[in-house]
Number of protein chains: 2
Amino acid sequence: MEIGRPYSRLIHRLEACRPLLPEDRQHIADLPLTVANFGAGQEIVRQDDAPTRCTVVLSGILSAHKRVDRAQRQITSFFLPGDIADLSALYLPALDYGVTAVGSAVVAFVPHNALQSAMDRAPTLTEAVWRQSLIQAATFREWLATIGRRDALSRVAHLVCEIAVRLQAVGLARDLRFSIPWTQTDIADACGISNVHANRVVQKLRRRGLVEWNTQGISILDWSGLVAVGGFSAEYLALAPSLSLAPVGKPIEMRLRDAGQATPPA
Amino acid sequence: MEIGRPYSRLIHRLEACRPLLPEDRQHIADLPLTVANFGAGQEIVRQDDAPTRCTVVLSGILSAHKRVDRAQRQITSFFLPGDIADLSALYLPALDYGVTAVGSAVVAFVPHNALQSAMDRAPTLTEAVWRQSLIQAATFREWLATIGRRDALSRVAHLVCEIAVRLQAVGLARDLRFSIPWTQTDIADACGISNVHANRVVQKLRRRGLVEWNTQGISILDWSGLVAVGGFSAEYLALAPSLSLAPVGKPIEMRLRDAGQATPPA
DNA sequence: CGATAGCTTGAGCCCTATCAACAGCTGTGG
DNA sequence: CCACAGCTGTTGATAGGGCTCAAGCTATCG
């Protein structure tokens, strides 16, 4: 996975939240940052810590999780390249969740004070950051509805749809095919089910011809079928209809808009 | 439920997120607002609408809910006096949830542009608003962990603990007694269980001597027991330890701090 | 070539949903 | 004043989705 200039992913992602001015992009490019690598399962920010820097995903995938009853774990978010994983710590005293690498990942750390002073100088940048935060909140609500009111099959289908749309939005999925280093236990912890049952649900999705799913990656064979099973609608992700993020040249934003209406993406 | 000057509840609530300057308080007091009454079950903001004003609870309780599969409903938040129910719409195009009055309620509507210009002029006010938003996000994460990983008894216990602490923080509960106009169906929809099962869980909480619970209200008889059952810890609510909101004079903030550590509050 | 991590499968059981019926209370209208 | 409807709470019976325990399988890796 190539990274390019380290801040480009962040700019792309924020731009999907709100179009930026050239000076905003310059502010981001000027941010001091530390790049670090993490292996699968490594903890990047510990729950209850009070970090003084923000964690930006450059490549790979992170998860936010909370421990419940010392044995159980609930994943509350997945962070994809360009996402800021611990924005909350910028204003709240301690982080109420831990951040872990799912598979190996590359992240950039940006000191709070540098980010804060960039935001003080660039109002549209501030707005983009807050929008990302509000979109994350909308995603929590969507997960709440899904976990609270849908059965296991729908939960997993919904999660796969969300990840697919988000990965396409940052150019890491094409034609609804992508690879993602999560395990079935990660999926179980995100969907509030047991790992054994997650396995059975994945098999059922395969048997129904909705997805092709192996260790190499996931490829969605029947988008509208999967959308129907998961009750998915991409609106809560608030992806700008005009996000021009085509990674190599194809007009992939067409697919994304379709995904938003839950219509077949090809 | 007396309201006092309409903006006082909002000031108190924001002050719990971040201490305000006198000029901030003045900015709030100068906000133009429209006061409105709603009956039990009335919809205040419809899902998918794009409101141009924010909804502040003055008295009573609101819920945010999402519809799932046209028959199911998931409540994602309860809003208590002083809370802003639809902050998200200030920056995102449409609201991904509906807002409904639980019992009868009085709300104030504040136009977005007025709120925005007040925030432009008062940075600490802005910070307080964003903190409230981040606390709401932290609450979503806590609910996700609870609904995803705890059984029905824990979910209801956890919800009751949260509401108790939040009501005490705004002076609407004393000695862990409060009245709240929700129905068992509301509780079911918030906890992701059926209304029949919610009833059985409430009865179990009563039988265990944890709560006294009738149509008049709820009184928590065994705080530490309830906290243990619900796996509750108030830290995610980020209540300032110094919040001096004692409604009549008793030093209720001691109890609140205790509640945060999940130790007996009396 | 073991070892470890992840995936798969089976069996039994428990929590919770669903369906159904009834009681209590409140407001409405004749 | 009583009959009635509607909402909320309560209880019982039944069924099903998902958990737990347990074991076997597969693949990657040092």
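The legends below describe close-up views of a predicted model.

**View 1. Negative surface patch with residues from chains A and B.**
Glu43(A), Asp48(A), Asp49(A) and Glu235(B) form a negative surface patch. Of these residues, Asp49(A) sits in the loop of chain A that runs between strand E2 (43-45) and strand E3 (53-68). The relative accessible area of Asp49(A) is 36%, so this residue is classed as partly exposed, a class that lies between the buried limit of 20% and the exposed limit of 50%.

**View 2. Helix H5 of chain B and the glycine after the helix.**
Helix H5 of chain B covers residues 152-169, which makes 18 residues. H5(B) is mostly covered, with 18 of its 18 residues buried. Gly171(B) follows H5(B) and has a positive phi, near 75°.

**View 3. Salt bridge between Asp96(A) and Arg141(B).**
The structure holds 26 salt bridges over all chains. In the one between Asp96(A) and Arg141(B), the closest N and O atoms are 2.9 Å apart. This pair crosses between chains: Asp96(A) belongs to the loop between strand E4 (72-79) and strand E5 (98-111) of chain A, while Arg141(B) belongs to helix H4 (residues 123-149) of chain B. Both Asp96(A) and Arg141(B) are buried.

**View 4. Salt bridge between Glu142(A) and Arg150(A).**
The side chains of Glu142(A) and Arg150(A) meet in a salt bridge with an N to O distance of 3.8 Å. Glu142(A) has a relative accessible area of 8% and is therefore buried. Arg150(A) counts as buried because its relative accessibility is 8%. The cut-off for a buried residue is under 20%.

Asp189(B) and Arg73(B) are both buried.

How values were computed. Residues are numbered from 1 along each chain as its sequence is written. Chains are lettered from A and ligands numbered from 1 in the order in which they are written. This is a predicted model: local features need pLDDT of at least 70, side-chain atom pairs count only at pLDDT 80 or more; totals for chains, interfaces and linings use all residues. Side-chain values use heavy atoms; hydrogens and water are left out. Patches are made of residues with over 30% relative accessible area and no salt bridge: like charges are joined within 9 Å, nonpolar side chains (Val, Leu, Ile, Met, Phe, Trp, Tyr) within 5 Å. Accessible areas come from the Shrake-Rupley method with a 1.4 Å probe; for residues, only the protein chains shown count as cover. A salt bridge is a side-chain nitrogen of Lys or Arg within 4 Å of a carboxyl oxygen of Asp or Glu. Lys and Arg count as positive and Asp and Glu as negative; His and the chain ends are not counted. The place of a charge is taken as NZ of Lys, CZ of Arg, CG of Asp or CD of Glu. Helices (H or I, at least four residues) and strands (E, at least two) are DSSP runs, numbered from the N terminus. Buried means under 20% relative accessible area, exposed over 50%, partly exposed in between (1.4 Å probe, protein chains only). The expected span of a helix is 1.5 Å times one less than its number of residues.
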